[in-house]
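How is a protein chain described when its model is read from the overall outline down to single pairs of side chains? Please look at the sequence and the model before reading on.

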Amino acid sequence: MIMEILVFLERALPVVATIASFAVFILLLLARDKFVSKEEHGIMSERVGNLETSMARLPDAEKLNNLSENVVRLSGDISTIDEKIRSTNDLLRRIEKPLDLLLKAQLKDY
């Protein structure tokens, strides 16, 4: 009985091995589209490297926070300066007419 099984295996092994090899070949052909080629891998590696370099130059959270605080501070300073300019502008409007009248009076005298 064991001899018959061994003889059967001996005869069937080449056929089974051929079928298995063919099945692996078909699976590799089908899976080929699922993997990246060496060229694509090189291109993607270069792009990732460029992105990492660009990201290294970007400010971190602390710098962004400082920048945000500076913008808020500048906004307040600009508002203060704007109010001062408006008040100065109002003052100039109030003294413009009297100065104009004084100038006209002086010019009439000459």
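The report below goes from the overall fold to the salt bridges.

This is a predicted model, in which local features need pLDDT of at least 70 and side-chain atom pairs count only at pLDDT 80 or more, while totals for chains, interfaces and linings use all residues. Residues are numbered from 1 along each chain as its sequence is written, and side-chain values use heavy atoms, with hydrogens and water left out.

The protein has three helices and zero strands, where helices (H or I, at least four residues) and strands (E, at least two) are DSSP runs numbered from the N terminus. Its radius of gyration, taken over C-alpha atoms, is 44 Å, well over the 13 Å that the globule rule gives for 110 residues, so the protein is more spread out than a compact globule; that rule is 2.2 Å times the number of residues to the power 0.38. Along its principal axes the C-alpha trace spans about 140 × 30 × 20 Å. Of the 110 residues, 1% count as buried, a term for under 20% relative accessible area, with exposed meaning over 50% and partly exposed in between (1.4 Å probe, protein chains only).

The structure holds three salt bridges, each a side-chain nitrogen of Lys or Arg within 4 Å of a carboxyl oxygen of Asp or Glu.

| Pair | N to O distance |
|---|---|
| Arg86 and Asp82 | 3.0 Å |
| Asp90 and Arg93 | 3.3 Å |
| Lys104 and Asp100 | 3.8 Å |

Arg86 and Asp82 both lie in helix H3 (residues 61-109), four residues apart, whereas Asp90 and Arg93 are three residues apart in helix H3. Arg93 counts as exposed at 52% relative accessibility, while Asp90 is partly exposed at 39%.
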